[in-house]
Every structure is written in structure tokens, then in C-alpha cells.
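Dear colleague,

I am handing over the structure we spoke about, and you will find it just below.

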Number of protein chains: 2
Amino acid sequence: MLDQYKQQQPFLLALDSIIFGFDGEVLKVLLVKRGLEEKTWSLMGGWLQPHEGLEAAAARILFELTGLSSVYLEQLYAFGDPGRDPIVRTISVAYFSLVKIADYATKITESFQVRWFSIYDLPPLLFDHGDMVDLAIKRLRYKAAQHPIGFELLPEKFTIPQLQKLYEAIYNTEFDKRNFSRKILSMHLLIKLNEKQKGFSKRGAYYYQVDHLKYQQFTNAFLNFVPTAELVL
Amino acid sequence: MLDQYKQQQPFLLALDSIIFGFDGEVLKVLLVKRGLEEKTWSLMGGWLQPHEGLEAAAARILFELTGLSSVYLEQLYAFGDPGRDPIVRTISVAYFSLVKIADYATKITESFQVRWFSIYDLPPLLFDHGDMVDLAIKRLRYKAAQHPIGFELLPEKFTIPQLQKLYEAIYNTEFDKRNFSRKILSMHLLIKLNEKQKGFSKRGAYYYQVDHLKYQQFTNAFLNFVPTAELVL
DNA sequence: GCAAAAGTGTTATAGTTACACCCATGG
DNA sequence: CCATGGGTGTAACTATAACACTTTTGC
């Protein structure tokens with residue numbers, strides 16, 4: 001009964017994460033130079049352990065390399081071209097992650113090089129990591145257009161102009177601020193706080209917070225949608 | 001230099017395909033009973049070979065089991081929970097596939113059991129194959145709402161009422177035929193043929209064909225979209 | 001008092017929904 | 001001649017896009 005299994009060849013299984021962050025102006029990806037490949041920037045990655053699920057492994061690796069936990073993490077794609085890793089055939093399952101850049105204190109940065117790069121100004125990357133980043137950007141754009149996912153990249157409290165800047169960075173375009181704020185506020189997903197941002201502009205913009213309850217409902221509703229209205233075919 | 005690789009444990013890597021077909025009334029999934037698991041229905045699956053890409057392997061397995069080639073095939077998700085296969089730890093990359101059901105002549109059906117099941121009436125499935133099917137249905141709905149992907153499930157020539165039936169099957173709902181046909185025709189993605197369907201209705205409906213050139217453009221446009229308009233946040 | 005960013009309203013247009021009747025044909 | 005499914009138009013409503021002025025406050 002096990003024969004069918006035994007005669008099969010196993011493969012190395014890696015996980016690589018595309019970690020997005022937003023500094024208020026530019027959408028960035030976190031890259032490292034380390035270990036084997038000291039000359040090339042690469043994604044944060046590691047190996048699957050024998051008793052570990054894929055997402056758990058991705059989360060563990062992210063934690064080990066950045067100290068971040070409980071961040072948004074979503075499976076992107078499995079990359080398995082023979083020859084993608086020229087040394088040993090490896091399958092890599094890529095995850096993309098959205099982190100609040102302020103939470104990322106440069107902790108482990110002593111042991112190897114780590115840097116945030118603008119998604120519009122990336123260095124050459126190891127193996128097929130460039131493809132992974134490209135796909136992750138597409139997915140982020142695709143997803144952010146329909147899910148209120150952008151909040152994951154901002155601090156707990158943020159202003160509407162900050163949120164707009166983020167979306168402008170994601171789509172590399174500009175939005176009309178009147179239409180933008182109307183659209184967002186019409187979702188009733190944000191709670192206006194009685195507190196203004198200081199220091200950035202003279203007038204100061206009101207802070208908002210995600211209404212986590214409604215955010216959940218929204219997310220769930222989306223998963224079960226019947227798109228009579230949204231059917232584009 | 002190879003040490004880092006050598007001390008890593010490799011894993012078995014399987015591919016499983018959720019194959020969708022449409023018989024004119026009901027959206028169906030192709031399942032098999034075979035080999036090891038003669039008692040349970042399961043997805044069509046097989047093992048990754050040493051020098052084969054993931055999609056190539058999925059396509060090969062699909063061809064070996066059904067005789068179908070050049071069908072729509074898209075990676076769905078990598079499933080890797082420890083214990084998902086209770087016999088040996090296996091990572092499975094699931095693909096979903098859209099086939100024109102008429103092309104599928106019951107070729108190899110002698111060697112093992114194969115059957116189309118309505119997506120609304122599935123038997124218990126092997127391992128986590130039920131989760132795979134659920135996710136595939138979600139993905140199909142999600143995708144079909146925005147990409148003109150449904151044509152992959154219909155014959156070369158089809159009528160608007162057929163197309164509508166398909167979308168109603170996918171979303172398990174009903175659409176207004178006036179609005180439906182307006183919406184579709186407004187995309188200018190279909191070419192009206194000078195030929196009517198016979199036998200099904202008395203009047204007969206006009207056949208249409210996909211304008212493959214425009215279909216390509218549409219697909220490409222979608223990949224590079226900047227959703228000023230479609231920003232739902 | 002002025003520069004810089006925040007905040008807000010209206011109108012035109014486009015897209016979506018809801019809805020009902022006539023048409024062509026095989027039996 | 002009638003039953004069955006095919007085909008089409010219009011009006012109300014909703015969402016989107018374009019556009020400009022006033023407010024606050026730190027300097």
C-alpha cells in the first residue's frame with residue numbers, strides 16, 4: 001500500500017515571503033542579503049519543517065527574521081519550475097504579507113543586511129524572486145481594489161489623507177480627495193476619533209480607526225457574495 | 001555551500017485537479033475512484049516528476065487521466081497541513097481546470113471509475129479534497145465575476161441563453177435575461193453567427209463565438225488595470 | 001497674514017435594476 | 001393555432017466622475 005508513495009521522489013520545499021510596508025509616501029518591500037547569497041538581494045525565506053503547515057512555516061520564518069508576528073499573511077503562489085533554484089531543485093510556496101512598518105523595529109538587522117525597497121525601484125533579485133514580487137504586487141492591487149485590506153499597512157490610527165496616499169502608492173496613480181473620502185466613509189468601516197494628527201500639516205487631519213466588527217462582517221460578506229450586481233462576466 | 005540544502009528534509013509533492021464541466025444545466029466536477037483509495041471518491045491527482053514544472057505536471061496528469069489537453073488550467077492553492085494525507089506527509093498543489101464537457105469522451109473510463117458530480121451534490125471526498133473543491137468553487141465565482149472565463153466551459157459555438165444558464169449554475173441564482181444579454185453584448189467580446197441552435201427550442205437561439213482577439217485584449221487589460229473606477233477599497 | 005494641507009457639495013454622466021410585450025417556430 | 005423559449009426597450013435609480021472654494025493653524 002505504501003509502495004505508490006515510496007517510489008516517488010521527494011522535493012525540497014521552501015517558503016518565501018513578500019513583505020509589504022508603507023512609510024507614508026512609498027510602498028515598499030523588505031529584502032535581505034544573507035547566507036548563501038551574500039551578493040544578491042532576496043526575499044525572506046526558509047525551509048518547511050517536517051511537522052509544520054505551510055502558513056505556519058511562513059509565519060515562523062517571518063518571525064525569526066523580523067520579530068513580527070500576527071501580521072496579515074496570504075498564500076500567493078507555488079513556484080516550482082525545474083531550474084528556478086540552479087543549485088538544487090526546490091519548490092517554493094510564496095506568501096505575501098502586509099505589515100505596519102512602524103512595528104518593524106530594526107531588531108535582527110545586525111546579523112545580516114535588511115532593507116526596505118520601493119516597489120518601483122527594486123534591485124536585481126535572487127532566482128525567480130523578481131517574478132514573485134511582480135505577482136505579489138498584482139495580487140495586492142487586485143485584492144485591495146475589492147477588499148478593505150489596505151488598513152493592514154497603516155498604524156492603528158490613521159488619517160484619510162494617509163489612507164489615500166497609501167492607495168495612490170499601491171496603484172501608482174492619484175485620486176480625487178473628495179471622491180476618495182466619500183467612498184471610504186460610505187462604507188462605514190471607519191470610526192472617527194476625537195483627535196487630530198499633529199506636526200504633519202498645520203490644520204491637522206482627524207484620526208480614524210477601523211471598526212473591527214464591521215471589518216469582519218465585510219470580509220465575510222465578500223467571501224460569500226453572489227454578484228448579481230458585480231457580474232462583469 | 002550545499003550544506004544548507006543537504007540538511008533539509010524533502011517532501012512528497014502531489015498535484016490535484018478540480019475539473020469543472022457544464023452540461024447545459026448543472027455545473028459539475030469530475031471525480032475518480034481508483035488505486036489506493038478504492039472506496040472514496042477523490043480528485044484527479046498524481047505526483048510531480050523530477051524534471052517537470054508544477055503546471056506541466058498538472059497538465060500531464062490531466063491528460064493521462066482524461067485524454068484532454070490544452071484546457072484552461074490555473075493554480076489554485078498549495079495544501080500542506082501535516083496530516084492532510086494520513087499515510088505519508090505530502091504537499092499538494094491544487095489546480096482548477098475548466099473543460100468543455102463535450103470534448104471529454106469517456107476514454108479511459110474502463111480502467112477506473114470516473115464520474116461527473118454536481119457541485120451541489122458531492123460525495124464525501126478523500127483527505128482534504130473537499131476543501132479543495134470548496135475553494136475552487138469560490139475561486140471560480142470570484143474570477144468569473146470579473147473575467148470572461150466562463151466561455152472555457154462552453155462549446156465553441158453557444159447561445160446567449162446557454163451562457164446565462166452557465167452563469168446561473170455558477171452562482172446558483174437567476175439573472176434577468178434582458179440585463180444579462182445587454183451586459184454581455186456590451187463587451188463586444190462575442191461574434192454573432194448566422195446560425196441558429198436547432199432542436200432545443202422552437203424558435204432557435206443564435207449561436208455566438210468568442211472573438212479571440214478581443215478576448216486576449218480584455219484579459220491583458222485586466223491584468224494591468226488601474227482601478228480608479230473599480231476601487232472598492 | 002499667508003502658505004499648506006484639510007475638509008466639504010453639486011452637477012453631469014454612466015451603469016444598473018426592474019419590468020412586459022412581441023416574435024418565430026415546431027408540434 | 002398555440003405553447004415554448006428567444007429576443008428586445010424604457011424608465012427609475014444608484015454610483016461614479018469631474019470640478020472649486022472655505023477652513024484651520026503654524027510660521
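B:Gly21 is partly exposed, because 19 other C-beta atoms lie within 10 Å, and a residue counts as buried if 20 or more do so. Please keep in mind, here and in what follows, that this is a predicted model. The glycine belongs to strand 1 of chain B, which covers residues 12-22. If neighbours within four places in sequence are left aside, B:Gly21 is in contact with B:Lys28, B:Leu30, B:Val99, B:Ile101, B:Tyr104, B:Trp116 and B:Leu153. A related pair is B:Gly21 and B:Glu152, which are 131 residues apart along the chain, while their C-alpha atoms are separated by 9.1 Å.

Turning to chain A as a whole, there are 6 helices and 10 strands, and of its 233 residues 31% count as buried. Among the contacts in chain A between residues at least 6 apart in sequence, 65% join residues that are at least 24 apart.

Chain A is divided into two parts, with domain 1 running over 3-144 and domain 2 over 156-223. Taken over C-alpha atoms, the centres of these two domains of chain A are separated by 28 Å. Where the domains touch, 8 residues of domain 1 of chain A are in contact with 6 residues of domain 2 of chain A. On the domain 1 side, the largest share, 3 residues, comes from helix 3 of chain A (residues 129-144). Sorted by class, that side of domain 1 of chain A has 5 nonpolar, 1 polar and 2 charged residues.

The nonpolar core deserves a look as well. The largest one has 114 residues, and of these A:Ile18 and B:Ile18 touch the most other members. Once neighbours within four places in sequence are set aside, A:Ile18 is in contact with A:Val29, A:Leu43, A:Leu76, A:Ala94, A:Phe96, A:Ser97, A:Met132, A:Val133 and A:Ala136.

How do helix 4 and helix 5 of chain A pack, and at what angle? Helix 4 (residues 160-171) and helix 5 (residues 177-185) of chain A pack at an angle of about 105 degrees, and their axes are 10 Å apart. Helix 4 of chain A is therefore roughly perpendicular to helix 5 of chain A, since angles of 65 to 115 degrees count as such. On the side of helix 4 of chain A the contact is made by A:Ile160, A:Leu163 and A:Gln164, and on the side of helix 5 of chain A by A:Lys177, A:Phe180, A:Ser181 and A:Ile184. The residues of this contact between helix 4 and helix 5 of chain A divide into 4 nonpolar, 2 polar and 1 charged.

Finally, there are two backbone details to check by eye. Most residues other than glycine have a negative phi. A:Asn172, in the loop between helix 4 and helix 5 of chain A, has a positive phi of about 50 degrees although it is not a glycine. A:Asn172 is exposed, because 12 other C-beta atoms lie within 10 Å, and 12 or fewer count as exposed. A:Ser70 also has a positive phi, of about 45 degrees, although it is not a glycine. A:Ser70 lies in the loop between helix 2 (54-66) and strand 5 (72-79) of chain A, and A:Ser70 is exposed, with 8 other C-beta atoms within 10 Å.

With best wishes

Technical notes: Residues numbered from 1 in each chain as written. Chains lettered and ligands numbered in written order. Predicted model: local features only at pLDDT ≥ 70, side-chain atom pairs only at ≥ 80, totals over all residues. Domains from an automatic or database assignment. Contact = placed C-beta atoms within 7 Å. Helix = DSSP H or I, 4+ residues; strand = E, 2+ residues; numbered from the N terminus. Nonpolar A, V, L, I, M, F, W, Y, C, P; charged D, E, K, R; others polar. Axes fitted to C-alpha atoms, helices over the stretch in contact; angles between N-to-C directions. Parallel < 35°, antiparallel > 145°, perpendicular 65-115°, else oblique. Core = buried A, V, L, I, M, F, W, Y, C linked by C-beta atoms within 7 Å.
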